[in-house]
Amino acid sequence: MRLLSLIAALFPSVALADIVEIPGPNGPLAAEAITVSGATHAVVIIPGSGPTDRDGNAPQMGLNSDTYRLLAEGLAERGIASLRIDKRGFYDSETAIDDPNDVTIEAYAQDARDWVTRAAEIAPCVWLAGHSEGGLVALVAAQDPPDGLCGVILMAAPGRPVGQLMLEQLEANPANAPFLPELQTIISGLEGGDMRDPETISPILQPLFSDGLQRYMINLFSYDPADVARDWTGPALILQGNADIQIGPENGERLAAALPQAATVTLAEATHMLKRDVTGQPYATYTDPNLPLHEDAVPSIVAFIESSAPGE
């Protein structure tokens with residue numbers, strides 16, 4: 001660390017990456033920090049659902065986008081520091097809890113608040129940037145804003161209850177047609193707080209609805225992101241791709257109605273991964289880390305931060 005400090009002193013604009021930790025429930029929570037000497041802003045990047053890591057990848061689900069790494073590096077090039085977190089129970093935060101499914105949105109939100117406090121050590125003005133489900137986490141965290149939080153950045157974030165979105169995504173896949181009545185019943189039950197014995201669920205669907213995942217879904221489905229958003233009166237950016245087939249543009253519109261002070265940016269032809277859609281290859285942005293972020297993604301975030309920061 002002394003060598004890194006010396007390098008930073010000799011080259012003030014250099015960006016330095018390092019793994020940092022904060023206390024978690026049972027073990028440490030980890031993130032990768034990119035510090036920028038003299039930075040006045042830091043962005044805490046909150047991953048989306050499931051086992052998505054701090055770079056935006058989930059190899060066990062076929063996700064290999066590097067979206068969050070590319071975002072952090074793009075911000076650093078413009079003088080903005082960042083922390084990319086591993087969620088409790090996963091990757092370098094694996095020992096923070098015994099069961100990664102034994103979580104709630106509020107627990108994730110408290111972790112996000114704690115990361116804001118840590119990020120304030122590298123820059124005084126901290127922004128919570130949540131992608132997909134992470135956008136809901138950012139909004140819940142902002143209901144009890146920690147010192148140093150300057151605003152929220154909602155990237156392809158849900159604007160409607162996630163149970164509704166999940167069912168729509170399942171209905172959009174023709175292969176799920178034989179199971180839709182069962183899926184509709186299960187999700188409706190979870191929205192009402194009722195669990196199903198996994199043994200009574202079709203074998204092909206059981207991995208989606210283990211006991212642990214059902215407990216988490218009951219908590220997750222209880223939130224209406226737009227209702228949560230109304231409690232935040234500070235700066236907000238809604239960043240939405242109009243080629244997002246997971247969380248469509250109507251979600252950004254609903255968030256914008258709940259956040260009248262928000263800046264809204266629509267990324268033309270961008271998918272859920274904040275990259276330009278590749279014609280004829282609908283999953284390319286999910287599986288090719290070499291594809292760059294949409295050319296307007298980082299500039300839009302930087303412009304929002306610079307125009308919305310206190311005193312600027």
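## Aromatic pairs

Tyr91 is partly exposed, with a relative accessible area of 30%. Phe90 is buried at 14%. Buried means under 20% relative accessible area, exposed over 50%, and partly exposed in between (1.4 Å probe, protein chains only). This is a predicted model: local features need pLDDT of at least 70, side-chain atom pairs count only at pLDDT 80 or more, and totals for chains, interfaces and linings use all residues. Residues are numbered from 1 along each chain as its sequence is written, and side-chain values use heavy atoms, without hydrogens or water.

The whole structure holds four aromatic pairs. Rings of Phe, Tyr and Trp (its six-membered ring) pair if their centres lie within 6.5 Å; planes under 30 degrees apart are stacked, over 60 edge-to-face, the rest tilted. Phe90 and Tyr91 form a tilted pair, 6.2 Å centre to centre with 35° between the planes. Trp127 and Phe304 have ring centres 5.4 Å apart and planes at 70°, so this pair is edge-to-face. Trp127 lies in strand S7 (residues 125-131) and Phe304 in helix H11 (residues 297-308), 177 residues apart. Both are buried.

## The sheet

Eight strands form an open sheet with mixed pairing, in the order S1-S2-S6-S3-S7-S8-S9-S10. Strands S1 (15-23) and S10 (263-267) are the edges; each has a single partner strand, so one side of each lacks a neighbour in the sheet. Helices (H or I, at least four residues) and strands (E, at least two) are DSSP runs, numbered from the N terminus. Strands pair if DSSP finds at least two bridges between them.

S1 pairs with strand S2 (residues 28-36) in the antiparallel sense, over nine bridges. Leu16 stands opposite Thr35 in S2.
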